[in-house]
Amino acid sequence: DIPSAIKYRLWYSSLVLIFGLFIYTLSSLYGQKLYQDTVTSVISAAQKGSPQISWVEKLEAWKLEYAGWIASLYFMGVSIQILSLIFAWFRTRSLGKAEPLFEDPVWIEKLNALRRQLQIVKHVSLHVSERIKVPVTAGFIKPIILLPVAMVARLSPEQVESILLHELAHIKRLDYLWNIIQKVVESILFFNPFVWVIVKEIHREREYCCDEIVVSKTSDPITYAKALLQLEVQVKYNELAMAANGAEKYPLLDRIKRISGMKNPDPSPKTGLIVLAT
């Protein structure tokens, strides 16, 4: 099986390639007087009822005739997408600034130990918040992790530690930065259904990558899987933040199965599929 890290790079590279082809096509067509003259002549021939006009030429003529309207609708769509992205960025930033630091020295030490374990040089701030229901990570210059107040009491210390490790994995991989770039490309290419499919796979493999990092650093993957299951019942999170439970539209059961089946440095009899009971 191909590692998730390679799949992630392939899908992300595909997104970059589509964006590059879009920019290249746009730049090559912009200001091409010959192309415009050709299509203009086709429009004139079509208006005169010439029978020698192919459907492709008619389509090109239609695109040029209504290019102004098409461009206006496109830029309106891009503007809406970008404004939504800016709003999400400010909302995420306000969360990090407004919420108090987690001042428990035991958990601060655990966070620093995990950070050193993943060889993260940057300082990572740990905050608590009553406005979120799942842990989130934001920022790449001064990264912060926000924990829901209720979660710390609800999950066991081992489960909280595994969730912290997942969030630190996002920081290690610079996922917040790559996610912002991805969102910008999404906003520009919002009309392309292939981009929707690629973005879905990018999100999926991103979470798989972090899951694999957690499993490689823990002796009991089942503890982490159970923590994810607890988080799944919570509401969804800010789209610009990296959350441990992933996006709601991605099947958590698949992740739990993968985690349960992964090898770890210290295999235990607990390793196996979790039976979900209703």
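These are my notebook entries on a predicted model of one protein chain.

**Overall**

I began with the whole chain. I counted eleven helices and four strands. Of the 278 residues, 41% are buried. The accessible surface is about 16100 Å², and carbon and sulfur atoms hold 65% of that. Residues 24 or more positions apart make up 71% of them.

**Confidence**

I looked up the pLDDT next. The chain averages 78, and 72% of its residues reach 70 or more. Residues 265-278 fall below 50, yet this stretch has 22 contacts in the model beyond near neighbours in sequence. Where pLDDT is low, predicted coordinates should not be read in detail. I left that stretch alone.

**Helix 7**

I moved to helix 7, residues 157-172. Its 16 residues reach 22 Å from first C-alpha to last, close to the 22 Å expected. Is helix 7 mostly covered or mostly uncovered? I found it mostly covered, with twelve of its 16 residues buried. An α-helix has 3.6 residues a turn, so residues three or four places apart point the same way. I read off the buried set. It includes the run Ser162, Ile163, Leu164, Leu165, His166, Glu167, Leu168, Ala169, His170 and Ile171. Gln159 and Val160 are also buried. Just after the helix, Leu174 takes a positive phi of about 60 degrees.

**Aromatic pairs**

I searched the whole structure and got ten aromatic pairs. I opened Tyr12 and Trp178. Their ring centres are 5.6 Å apart, with 80 degrees between the planes, and the pair is edge-to-face. Why does this pair tie together parts 166 residues apart in sequence? Tyr12 lies in helix 1 (residues 4-29) and Trp178 in helix 8 (residues 175-188). I checked cover for both. Tyr12 is buried at 9% relative accessible area. Trp178 is partly exposed at 36%.

I then took Tyr74 and Phe75. The centres lie 5.3 Å apart and the planes meet at 65 degrees, so this pair is edge-to-face. Tyr74 has a relative accessible area of 19%, so it counts as buried, the cut-off being under 20%. Phe75 is exposed at 53%.

**Charges over rings**

I finished with charged ends over rings. Lys110 lies over the face of Trp107, 4.4 Å from the ring centre. Arg173 has its charged end over the ring of Tyr8, at 4.7 Å from the centre.

Notes. Residues numbered from 1 in each chain as written. Predicted model: local features only at pLDDT ≥ 70, side-chain atom pairs only at ≥ 80, totals over all residues. Heavy atoms only, no water. Helix = DSSP H or I, 4+ residues; strand = E, 2+ residues; numbered from the N terminus. Expected span 1.5 Å × (residues − 1). Buried < 20%, exposed > 50% of the residue type's maximum accessible area, 1.4 Å probe, protein only. Contact = heavy atoms within 4.5 Å. Areas by Shrake-Rupley, 256 points an atom, 1.4 Å probe, with all protein chains shown as cover. pLDDT = per-residue confidence, 0-100. Phe/Tyr/Trp six-rings, centres within 6.5 Å; stacked < 30°, edge-to-face > 60°. Lys NZ or Arg CZ within 6 Å of the ring centre and 35° of its normal.
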